[in-house]
Amino acid sequence: MPTALKYYNTPGHVIAAGVVLSVVDIASVILRFYTRKRQQQPLKADDWLLVPASLLTTGIGICLVYGVSKKALGYASQLDPDLIESSLEITTEQLTTAFRVEFSVISMIPLALGCVKAAFLFFYRRIFSVSKKTSIFLVGMIVLVALWTVGFFFTVVFECGTNFWAILSPQSTVKNLTTHCIKTMDLAFAFGISDFITDVIIICIPVPLIWRLSFSTAKKVATSTIFLLGIVSTAASLTRLLIIAKDVKAAVVFNPYEDEILVITEYLYWGMIECGIGVFAACLPTLLFLLRGWSLKSVIGSTGSFLGSRPSRRQYLNTGSQQTIHVGQTFDIAYSKNQSTTTKSSAGTQAQGIVGDDQTMIATTVDKLEALCNELSFEVQTLRTVKKDDDFYARVKATDIARKLIDEIIDPEEVAAEQAVVLGEWGSIRMFMKWKFFDKIPVDGSISYQELAASIGAEEALVSRMGQMLVSTGKLLQPAPGRVSHSRLSQSYKAGDRNGYSFAMIHDDFQRVFASLPGYFEKYGPRQPKGKTEIPATFAYGADGKLTPWEVFAQQGAEHIEQFGFAMQAMTDHMWPYTGAYDFAWVGEYAAANPERTLIVDVGGSFGHALRANLVKFPGIPPGRCAVQDREEMIPIIREAHESDGIMKDVQKVAGDLHKEQPIKGALIYLIRRCIHDYDDDDCVNILKILADSLPADEPRARILINDQIMTDPPHRFVAAMDMVMLTWASKERSEEQFKGLAGRAGLTVVKVHKPEGATMGVVECKKASAS
């Protein structure tokens, strides 16, 4: 009996599926990209994969519409009744068009579905804070889907081997297909089973992740429902599988009494349904951001907030032991605050007609909060995958986002109060350092304020007040009333810690300088400081026009100078790393082939910490062919420090002045680290000209390496802070373009700027402009 004409075999339904789903998918992907922009989130793999998925689905829709227009789909086969008995060898335009359309569509379906499945999996990795095992499982599923997609795509394309004529030829017949191609329905059945199984797995993955969260049962159900909407696509996959199973079981494949056109239509229609709904379902969780309501009691609102990515654990955002932010609760806090603000302000603003503006402001704030929570969750997930010793930049990124989150959620009226907190904390830290209280607190244990006060003969009440300040900000912990213990951060302030010295220098020297800025600019006018004496760093000490900053420092005494020296060695593992930006491996190879030339001169290198770090990292570089260069009075001190250092004892120690002729000529590399930012442009050009003139004329690989902080736009907060410090010295932190400008004026060309992702320090690699 001929195949019954079901609704999905009719022209109208086939065209509707091809057109409507194509339009919906394209619109959904466009809105997804718009949503990412609204959320201020980067576009990632889960977004980009849906672009080819939607285009392929649209291609399938076009093929369906074309097939209907040629009556090759959605219509019964138009055959001469007398030819029915030999229909395996029948050739008609309708039938060959159907074969071509079928081949085109079934070639696109694996690619479209593969992109959709992968988009779901990448989306899960993006929004969920998952365990290492779950992360490995998701990666494994992504690899499996990729292999599945590629495998079935090429199997379909080459189902007839290289006999493409069997499908595409105008004389193509069913007999040609059965003779030269693999069993089409067996292939379709295998594809259908594997498609359905992977769909079920992918749809179920988020459910256990959601039910581990600290949500109410209603919220868990609502959130799970959003992700389970993809089950509609799975239902289409199941329907297509059942249709194929029915045909295989009944052995009706190519049955002369079965209408081949309607069998093809049925299969392609459900393929379009699955692909079309799949793309839409993949976009839906993201699009809920645009649809959610503002009420926490709204299921959509609650779920929309969740989609900002809520980890399953507490994240401590550098707020101390008593101030924590659970990322999963951030929006509840934000909504409550915004609703409260709206409630308070509505009565006063309705008469002025600006309630709508308030609501817009609230919506914008919550949008930003949600975007920041998404970013923070992503970076927290990154921390799971990096080693503890290599996690600095990942933590810096997460911390930066956390600060932005706090800046976005804090009330403007609280800002001044927070700055007062910082001021009180600074004063308390400095006095605890001065009195060496951080050294007296046991590493494992606690100490009372009474004991701390007695150790220096101070009033307990005074010590207690300062200690309470530090407890309130989390710098110290309070295990019991009247007692304090170390926090994760407080040991940085113990004697001998270079980071503690850095804080002391900023507090003692630059706080005074910044406090004097109003008076300085009132005297000299609102212009950038210039020169070496009439600058804020000397004005603050009443020495402007008389002394340089270095001379002011010298007047502070030996202890102060020692503090400054230790402070300059701070943050070398993180903010000012010695290694990681430039690869010196080639220098070791050069040394083996060129035994005479000086290899590296660490210009203004003090004790040569940067040089030493690179000699350790690149052991092929002979230390004896390198040099540390500094002021003449420093050389004996450096020699003494290097006597017991197995690496640095053979390094040459050479006296030199940055502003005078270079004593070592013709070296392969002149490394100048954190010196250029101390001087104005003219001084820097002079320093670089001196080094450029010292480069060997016979070695085109010779380089000047400027190792310094690099200003970006917008700037990193730490670099911007250091730029403000250098402003008080009439100098600056410089951008890549500014370094290029200095190099050009000095007769140099910038070869490359080496800067690891997330780093504030970089290496500006320069060569002589005339070098090849």
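User: Leaving aside neighbours within four places in sequence, which residues is Thr 97 in contact with?
Analyst: Contact here means heavy atoms within 4.5 Å. This is a predicted model, where local features need pLDDT of at least 70, side-chain atom pairs count only at pLDDT 80 or more, and totals for chains, interfaces and linings use all residues. Residues are numbered from 1 along each chain as its sequence is written, and side-chain values use heavy atoms, with hydrogens and water left out. Once those sequence neighbours are set aside, the contacts of Thr 97 are Tyr 66, Lys 70 and Ala 72.

User: Is Thr 97 buried or exposed?
Analyst: Thr 97 sits in helix H4, residues 93-127 (helices are DSSP runs of H or I with at least four residues, strands are runs of E with at least two, and both are numbered from the N terminus). Buried means under 20% relative accessible area, exposed means over 50%, and partly exposed is in between, using a 1.4 Å probe and protein chains only. Thr 97 has 8% relative accessibility, so it counts as buried.

User: How many salt bridges are there?
Analyst: Side chains of opposite charge can pair when their charged atoms come close. To count as a salt bridge, a side-chain nitrogen of Lys or Arg has to be within 4 Å of a carboxyl oxygen of Asp or Glu. By this rule the count is 23.

User: Which residue does Arg 32 meet in a salt bridge at 2.7 Å, N to O?
Analyst: Arg 32 is in helix H1, and its partner is in helix H2 (residues 45-48), 15 residues apart, so to speak a link between distant parts of the chain. Both residues of this pair are buried. The partner at 2.7 Å is Asp 47.

User: And where is Arg 483, the partner of Glu 451?
Analyst: The side chains of Glu 451 and Arg 483 meet in a salt bridge at 3.9 Å, N to O. Glu 451 lies in helix H19 (residues 449-456), 32 residues apart from its partner. Glu 451 is partly exposed at 43%, and Arg 483 is partly exposed too, at 28%. As for its place, Arg 483 is in strand S3 (residues 483-486).

User: What is the relative accessible area of Asp 698?
Analyst: Asp 698 is in the loop between helix H29 (681-694) and strand S8 (703-711). Its side chain meets that of Arg 597 in a salt bridge of 3.4 Å, N to O. Asp 698 counts as exposed because its relative accessible area is 58%.
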